[in-house]
Amino acid sequence: MTDKLEDGTFSDNRSTPVSICFKDLRSVFKLDELGMEIARIAFPAALALTADPIASLVDTAFIGQIGPIELAAVGVSIALFNQVSRIAIFPLVSVTTSFVAEEDTITDAGPHDTIKEIETLENGLTLDSEKNMLIPLNDLGDQKMYNNLEQTSKSFDIAKDEQRKKNIPSASSALIIGGVLGIIQAVFLILAAKPLLSFMGVKSDSEMLYPAQEYLKLRSLGAPAVLLSLAMQGVFRGLKDTKTPLFATVFGDVANIVLDPIFIFVFKMEVRGAAIAHVISQYLISGILFWRLKEQVDLIPPTLKYLQFGRFLKNGFLLLTRVIAVTFCVTLAASMAARMGSTEMAAFQVCLQVWLATSLLADGLAVAGQAILASAFARNDYDWATLTASRVLQLGLALGLVLALFLGFGLHFGARIFTKDAEVLRLIGVGIPFVAATQPINALAFVFDGVNFGASDFAYSAFSMVIVAIISIIALFILSSSNGYVGIWIALTIYMSLRALAGFWRIGTGTGPWKFLRS
């Protein structure tokens with residue numbers, strides 16, 4: 001393998017696959033071509049990814065002023081809604097990002113015949129039909145010839161307009177699948193709210209049941225908007241445009257923050273008001289994204305075969321297996337906290353939201369890595385793939401260390417934003433060391449996910465996560481029963497460590513799509 005030097009020459013850099021994590025370590029913060037591309041994608045993506053958890057934190061802060069019971073109830077409902085949503089969202093967004101990046105790269109840099117074929121599909125013309133219109137038959141009259149020429153001119157005007165839009169089959173597929181899944185999720189959560197909450201530890205005699213059920217049913221009405229907006233975010237990520245999703249997400253979440261106190265306190269709707277405000281914000285986000293997407297991409301497929309549902313379903317099923325394993329681990333941890341009581345659940349909810357919100361900053365790097373790597377693999381540019389993987393992994397570790405320091409000190413002082421209950425604050429203090437110390441591990445785990453998804457290594461990602469989940473679930477049962485609330489956080493630390501190790505194993509051993517590292 002060779003690396004390009006500043007003078008334009010190439011130097012031989014053959015090494016073991018594991019050394020990819022230390023490659024060009026001194027250039028980790030360098031704003032060269034790769035650094036700028038990562039920053040353009042990662043920074044807006046990270047802000048957009050953290051915007052929704054921050055909005056949930058705002059919900060948590062407002063509801064915490066109502067009382068600890070309502071705070072715990074909404075915590076269970078949010079955890080349940082997010083985990084069920086994640087089952088559909090994660091495979092859809094991840095597959096869409098990789099497929100759109102590949103298709104966009106092939107369209108822009110592929111063989112001339114491929115580009116020409118896509119162009120004629122966009123224009124609704126074939127090469128033969130263009131020739132027939134441009135070269136009229138000799139036996140046609142003058143009027144017929146004039147009509148043909150006029151029609152040719154109109155056809156090229158239409159073609160010129162349509163060429164402004166990209167022709168990405170995966171974009172149309174993602175929207176259709178997202179809309180269908182969103183409706184199914186909404187119906188499922190509304191009809192099965194009580195048994196699902198019971199599984200989460202909120203029994204029929206619990207004082208949390210009524211507010212939790214009320215919040216969950218209302219928030220479920222926004223599921224179609226959530227799935228559609230995330231599918232469209234996957235398309236924009238594949239196109240390496242993360243600014244548009246950021247704008248839409250911030251606009252919707254600001255609306256949520258403004259509407260929260262109005263519905264909760266002014267209209268005295270309490271937890272119902274928080275749910276309604278959140279649903280309105282999700283439909284605003286979805287509407288903005290659709291409006292922007294239809295200006296850039298032709299969303300009307302010419303045929304059903306064009307949509308490539310088979311390709312989506314095959315890889316989506318692999319990631320569905322993976323996300324079910326992830327979801328079960330986190331949901332099980334939340335249900336165990338709920339079974340301990342409303343105080344433990346309230347503290348766990350605050351810590352979990354902060355844990356996820358800050359860790360998702362690293363997911364911005366994962367998005368950048370996935371989009372750039374998918375394009376590099378589509379071009380068979382393995383040097384660029386190696387440099388990209390190295391850079392995003394090193395940046396992820398640096399980000400995790402910064403977050404660990406920030407949360408280790410900041411959360412002690414910021415906990416009172418969420419609640420004033422003394423016992424809840426005490427338990428939040430118990431969780432802070434785990435939340436802070438695991439940030440570097442979490443960051444690496446998220447970035448490794450993006451790197452492997454960028455290589456379209458969906459099968460390994462699925463099967464390795466199933467193994468990680470089995471070990472983590474056993475640890476949760478053992479440690480929660482022996483160490484209680486602390487045991488849950490120890491088990492979650494083990495879970496994230498195993499996730500990071502599984503991501504590293506594929507690249508470190510130079511197997512699968514990374515076997516070129518051994519050459």
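This is a predicted model: local features need pLDDT of at least 70, side-chain atom pairs count only at pLDDT 80 or more; totals for chains, interfaces and linings use all residues.
Is Arg272 buried, exposed or partly exposed? With a relative accessibility of 32%, Arg272 counts as partly exposed, because that class covers the range between under 20% and over 50%.

Let me remain with Arg272. Its side chain meets that of Glu214 in a salt bridge, with an N to O distance of 3.2 Å. The two residues lie in distant parts of the chain, 58 residues apart: Arg272 belongs to helix H11, and Glu214 to helix H8, which spans residues 209-220. Glu214 has a relative accessible area of 18% and is therefore buried, since the cut-off for that class is under 20%.

In general terms, side chains of opposite charge can pair when their charged atoms come close. How many salt bridges does the structure hold? The count is twelve, and I shall discuss two further pairs among them.

The next pair is Glu37 with Lys240, whose closest N and O atoms are 3.0 Å apart. Glu37 is buried, at a relative accessible area of 13%, while Lys240 is partly exposed, at 30%.

I turn now to Asp104 and Lys166, whose side chains form a salt bridge at 3.1 Å, N to O. Here the partners are 62 residues apart, again in distant parts of the chain. Asp104 is part of helix H2, residues 68-109, and Lys166 is found in the loop joining helix H5 (142-162) to helix H6 (169-191). Of these two, Asp104 is buried, with a relative accessible area of 11%, and Lys166 is partly exposed, with 29%.

Finally, the nonpolar feature. Which residues form a nonpolar patch on the surface? They are Val250, Val254, Val258, Ile262, Val266 and Phe267, and together they present about 500 Å² of accessible area. Phe267 lies in the loop between helix H10, residues 243-266, and helix H11, residues 270-296. Helix H11 is also the helix that holds Arg272, the residue with which I began.

Thank you for your attention.

Key: Residues are numbered from 1 along each chain as its sequence is written. Side-chain values use heavy atoms; hydrogens and water are left out. Patches are made of residues with over 30% relative accessible area and no salt bridge: like charges are joined within 9 Å, nonpolar side chains (Val, Leu, Ile, Met, Phe, Trp, Tyr) within 5 Å. Accessible areas come from the Shrake-Rupley method with a 1.4 Å probe; for residues, only the protein chains shown count as cover. A salt bridge is a side-chain nitrogen of Lys or Arg within 4 Å of a carboxyl oxygen of Asp or Glu. Helices (H or I, at least four residues) and strands (E, at least two) are DSSP runs, numbered from the N terminus. Buried means under 20% relative accessible area, exposed over 50%, partly exposed in between (1.4 Å probe, protein chains only).
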